[in-house]
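Me: I want to go through this one term by term. Please set each value against its cut-off and then conclude.

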Amino acid sequence: TWREAFQPVDLSALLDTVCSDLEMIIRQKNAYVQADPLPTVPGDPTQLRQVLQNLLSNALKFSQPDVLPRLEIRHRVVIGGE
């Protein structure tokens, strides 16, 4: 299968785009989205966008009806098999 070549992907900018795409559901659910500054990583921007969109969509979709969703996006560097 054809895959897009890896390139630097600014995850903070990508997350902003995904949040913008999901703005309507975020508002409907009165969700709070907070993110650490995210790194730029080598990857396929299309696939990384899909991963972020799926994670946020699922978090919103499966949130408890009586609790305002609070989505916190964090990252950490893992070296080796930590």
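Reply: Start with area. Accessible areas come from the Shrake-Rupley method with a 1.4 Å probe, and for residues only the protein chains shown count as cover. The protein exposes about 6,200 Å². Carbon and sulfur atoms supply 55% of that area. On sources: the model is predicted, so local features need pLDDT of at least 70 and side-chain atom pairs count only at pLDDT 80 or more, while totals for chains, interfaces and linings use all residues. Residues are numbered from 1 along each chain as its sequence is written, and side-chain values use heavy atoms, with hydrogens and water left out.

Me: Why is serine 63 called buried?

Reply: Buried means under 20% relative accessible area, exposed means over 50%, and partly exposed lies in between (1.4 Å probe, protein chains only). Serine 63 has 17% relative accessibility, so it counts as buried. Its place is the loop between helix H3 (45-61) and strand S4 (70-73). In the protein, buried residues make up 24% of the 82 residues.

Me: What does serine 63 touch, leaving out residues up to four places away in sequence?

Reply: Contact means heavy atoms within 4.5 Å. On that basis serine 63 touches Lys29 and Pro69.

Me: Which backbone oxygen lies 2.9 Å from a polar atom of the serine 63 side chain?

Reply: That of leucine 60. A polar contact is a pair of N or O atoms within 3.5 Å; within protein, one must be able to donate a hydrogen and the other to accept it, and residues adjacent in sequence count only if both atoms are side-chain atoms.

Me: Is aspartate 44 buried or exposed, and why?

Reply: Its relative accessibility is 8%, so aspartate 44 counts as buried. It sits in the loop between strand S3 (40-43) and H3. The aspartate 44 side chain reaches the backbone nitrogen of threonine 46 at 2.9 Å.

Me: And proline 8: buried or exposed, and why?

Reply: Proline 8 is exposed, because its relative accessible area is 65%. It lies in strand S1 (residues 7-10). Not counting residues up to four places away in sequence, proline 8 touches Thr40, Val41 and Pro42.

Me: How do you know that S2 and S4 pair?

Reply: Two strands pair if DSSP finds at least two bridges between them. Four bridges join strand S2 (residues 32-35) to S4, and the strands run parallel.

Me: Which residues of S4 are on its covered face?

Reply: Leu71 and Ile73. The uncovered face has Arg70 and Glu72. In a regular strand the side chains alternate between the two faces of the sheet.

Me: What makes the phi of asparagine 30 stand out?

Reply: Asparagine 30 has a positive phi of about 50° although it is not a glycine. Most residues other than glycine have a negative phi. Asparagine 30 is in the loop between helix H2 (23-28) and S2. At 54% relative accessibility, asparagine 30 counts as exposed.

Key
Helices (H or I, at least four residues) and strands (E, at least two) are DSSP runs, numbered from the N terminus.
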